[in-house]
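Me: I've got a fold open in my viewer and I'd like to learn how to read it feature by feature. Could you walk me through it?

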Amino acid sequence: MPKLTPYYLTFRSGLHVGKGAESLEGSRESVPADTLFAAMLDVLYHLGGDVDTFAKPFTSQPPDPPFLHTSAFPFACRVRFFPLPVDLRRLFTSQVLDDFNWNKPLKRLRYFSEGLLRKALTGEKLDEWLFPIDEHAEPENGAALQGGTLWLTKEEIDDLPHNFHRCPGRLHSLRRLNLWRSQSVPRVTVNRISSASSIYYAQRVIFTKGCGLWFGVEWREAQIGNFSYTDAFEKILKSLSESGLGGERTAGYGGFNYQKGGDFSFSDPASGGLAYLLSRYHPKETEIAPVFKDERAAYRLEAVGGWLRTPGGAAQRRKRLWLVTEGSLLPGAPAGDVSDVRPKYQNSTGDFPHPVYRSGLAVTIGWPNTQGEEAQHG
């Protein structure tokens, strides 16, 4: 049974996490697990730590990581949100899915609460927990936030931040309350040759008071030899909170305060069952056929690229990976691997001087494999 230790991040200013495009004009409201892992290694390097020793159990074949961690998802005070499963037939009956009126509301949904997740993990369909289609109707069992992007039970409304209005008879207004908002900020760049200036825009995400991102850590081995991973993790997280997470950190983005929460647990994927992904996942070569040829698999793929830099060197493009996204449902117990994404050149003198790791290790919990359901392919 995976036991997760949650960490809650509240950002002091904005957060910019790129969506994979070349432009800075878009930002995620979450932080993928592979981005978080890469940031940890970068911080450890700048702290003067031994990156090779730290990374060795993650990059070994097969990997034997001392800990795994999820992606960072939104939270609102005491309500944790999780990615909506890719296959909505695992949540709703055909009565809802075939109803034209639910077409747009379901497309808008991206996260659901832990209370709803635990109901779904029992095999229960969540039709009766949906919020009203009519935005002016009072919720009976379920409610929405962030314009219908977030979904929670009516009982969980009391666990929202105090600054969220919860007047009796006006709970429908919650749908117009936001955990975060996106803001495009003008920036100026100056041409070093002509001294001409030009304006560009960088988007940041700003979280409401009492809201932010959380991620869970599954500890497997606190110490290997003389190396304490728990001590290293706490030092890295403290330094990362000061240096910032994501991009545009020179503009003050990404700095956060954090708090460690109490452990909570889910069931492991059962033999012959399905696994629900809480991180992005890069399959090992031996996993590709059994995972993706199974008719029950429901997944989305995302191309992950970007830039990398080493001290004293110019920025270079890193190798592009295809990763399976959070919320995917895969058969068995996928493990994944860690990839070295540094560029390779025909002329070896231009090769990058050290590995650049991108984690595709899977963090999963068990999902009920309801008999008689048809599967959806990614």
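Reply: Two strands pair if DSSP finds at least two bridges between them. Here, strand β15 (residues 274-277) and β23 run antiparallel and are joined by four bridges. One of the residue pairs is Ala 275 with its bridge partner Gly 366 in β23.

Me: Before we go on, what sort of model is this, and how are residues numbered?

Reply: This is a predicted model, in which local features need pLDDT of at least 70 and side-chain atom pairs count only at pLDDT 80 or more, while totals for chains, interfaces and linings use all residues. Residues are numbered from 1 along each chain as its sequence is written, and side-chain values use heavy atoms, with hydrogens and water left out.

Me: Which strands make up the open sheet around β15, and in what order?

Reply: The order is β20-β15-β23, three strands with antiparallel pairing. β20 (329-331) and β23 (364-367) are the edge strands, each with a single partner, so one side of each has no neighbour in the sheet. From one strand to the next the twist averages 40° (axes are lines fitted to C-alpha atoms, for helices over the stretch in contact, and angles run from 0 to 180 degrees between N-to-C directions).

Me: Is Thr 364 buried or exposed?

Reply: The cut-offs come first: buried means under 20% relative accessible area, exposed over 50%, and partly exposed in between (1.4 Å probe, protein chains only). Thr 364, in strand β23, has a relative accessible area of 11%, so Thr 364 is buried. Contact means heavy atoms within 4.5 Å. Not counting residues up to four places away in sequence, Thr 364 touches Pro 2, Pro 269, Ala 275, Tyr 276, Leu 277 and Pro 334.

Me: What do Pro 74 and Tyr 111 touch?

Reply: Leaving out residues up to four places away in sequence, the contacts of Pro 74 include Arg 80, Phe 81, Tyr 111, Leu 179 and Trp 180. Pro 74 sits in strand β3 and is buried at 0% relative accessible area. Tyr 111 counts as buried at 4% relative accessibility.

Me: Where is the nonpolar core?

Reply: A nonpolar core is a set of buried Ala, Val, Leu, Ile, Met, Phe, Trp, Tyr and Cys residues joined through side-chain atoms within 4.5 Å. The largest has 87 residues, of which Phe 112 and Trp 151 touch the most other members. Helix α1 (residues 33-46) gives the most to this core, seven residues. Another core lies apart, with nine residues, among them Tyr 281, Tyr 299, Leu 330 and Ala 362.

Me: And what about the whole protein?

Reply: The radius of gyration is taken over C-alpha atoms, and the globule rule is 2.2 Å times the number of residues to the power 0.38. For 378 residues a compact globule would come out near 21 Å, and the protein's 22 Å agrees with that. The protein has seven helices and 23 strands, and buried residues make up 51% of its 378 residues. Of the contacts with a separation of 6 or more, 73% are between residues 24 or more positions apart.

Methods
Helices (H or I, at least four residues) and strands (E, at least two) are DSSP runs, numbered from the N terminus.
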